[in-house]
Amino acid sequence: QFYLERISRYEPSLNSLITTTAERALAQADAADAAIAAGNAGPLTGVPLIQKDIFCTRGVRTSCASKMLDRFISPYDATIVEKLDAAGMPMLGKANMDEFAMGSSNETSWYGAVKNPWDLERVPGGSSGGSVAAVAAGLAPVATATDTGGSIRQPAALTNLTGIKPTYGRVSRYGMIAFASSLDQAGVVARSAEDAAVVLQAMSGFDPRDSTSVDRPVDDYVAALDRPIKGLRIGLPKEYFADGLAPSSRQRIEQAIEVFKTLGATFTEVSLPNSPLSVPTYYVVAPAEASSNLSRFDGVRYGHRSESARTLEEIYKRSRGEGFGAEVQRRIMIGTYVLSHGYYDAYYLQAQKVRRLIFDDFKRAFESCDLLLGPTATDVAFKLGTNVDDPVAMYLNDIYTIAANLAGIPAMSLSCGFVDGLPVGMQLMGNFFDEARMLNAAHQYQ
Ligand code: GLN
């Protein structure tokens, strides 16, 4: 009730939710009360959450912020929705996002842009902009999010939150609408590493319904939080501190490094020489996979169907033309181009080779370090409308976050201060399945 009241008070100025599910939340809260009374409560029983609208929720609209799916009611729950339900978390609603998670500012949503609660004229970041705006404004204690190239970390950085993208394969993608399947990973945004650890614990684990899910025991993230970090070896990738990083953000990160030093961590400079190639590589691989994944939205099997179509070809063309926004259409065209006969070797295959080199950079770095630390974003949140007419400028926002997705390693963002009242984030990256160590370091810092 407390959060539902905050939603009715603040949501009109934020636009962070596509759907509010008050009745469902209250029924789940009653069930949680009963579980508590019966002595069956777990750590998350009765703790409300908001689900990003990319996760299928049975009986509730799952739109992916697209006109294409505006009327789609999912017949089943995503695995993580099932798991968090089972943990006793009432779902307050479905968060706004960039359309099909394509964007860095939440301005591509068919339901309109989301405002940053720290300054309503600025973007909250994207694509998980609704998730972070809602949590930062106290409309829910935590929210789920997804990260294909930075969509958990960059929005968390821009709103003073902690957000974690686990190792590829750690959290099930079943029921999470696919953007770029080899990069997509689900995670959580919260007010602290401790909150994030408790929720991630409940989300993680093998799922036979997702063929890329990894069958390996989940570490105890919560138990690891209180370990001292004396002797932790942290690498600073020199390419992440070069031109392009706002000096004021760099200064906040340098202050955080001093805090880590007082906690006993040691720092060394490392090099990720192929980092400048990560944005161009991503913008071949991600659109290629998107063009394939989004072919299912044809106006017949799923989604919006044009009312003016008379022939089969017109159904396809008009339904997709009307149902998808400009950014989604751009990605489908880029993807189709790089996969087409005659260009496949020059673009797609080449990108796959560079992806391997980026992976090798991390492998080398983790031979001498436990974690890597750098910026999450180039600067604080920008004003709404700044980059909407310049897709390449928008794509360059992801310069520090994309490499972790291409390599598949876990990465998180946490706040390291403010510049002129706006939050600055820093990023921690870890070796495969080293979420516990990252969350531990973040918790000790916080
Ligand atoms: N901003 C990136 C993109 O537009 C990443 C989005 C994401 O992680 N879902 O593709």
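Where does S151 lie? S151 is in the loop between β4 (142-147) and α5 (153-158); helices (H or I, at least four residues) and strands (E, at least two) are DSSP runs, numbered from the N terminus. The model is predicted: local features need pLDDT of at least 70, side-chain atom pairs count only at pLDDT 80 or more, and totals for chains, interfaces and linings use all residues. Residues are numbered from 1 along each chain as its sequence is written.

**Annotated site**

- An unreviewed UniProt entry lists K52, S127 and S151 under "active site"; such annotations may be inferred rather than shown by experiment.
- These residues are spread over 100 residues of sequence, yet they cluster in space, with a largest C-alpha distance of 11.3 Å.

- S127 is found in the loop between β3 (91-95) and α4 (129-136).
- S127 is buried because 34 other C-beta atoms lie within 10 Å; the cut-offs are 20 or more for buried, 12 or fewer for exposed, and partly exposed in between, with C-beta atoms placed from the backbone.
- S151 also counts as buried, with 36 C-beta neighbours inside 10 Å.
- Leaving aside neighbours within four places in sequence, S127 is in contact (C-beta atoms, placed from the backbone, within 7 Å) with residues including M97, D98 and S151.
- With residues up to four places away in sequence not counted, S151 touches A101, G126, S127, S128, A145 and T146.

**Helix α9**

- In α9, 12 of the 16 residues are buried, so the helix is mostly covered.
- Among these buried residues are Y282, Y283 and P287.
- The buried residues of α9 pack against α11 (326-339), α12 (345-368), α13 (391-395) and α14 (402-407).

Conventions: Contact = placed C-beta atoms within 7 Å.
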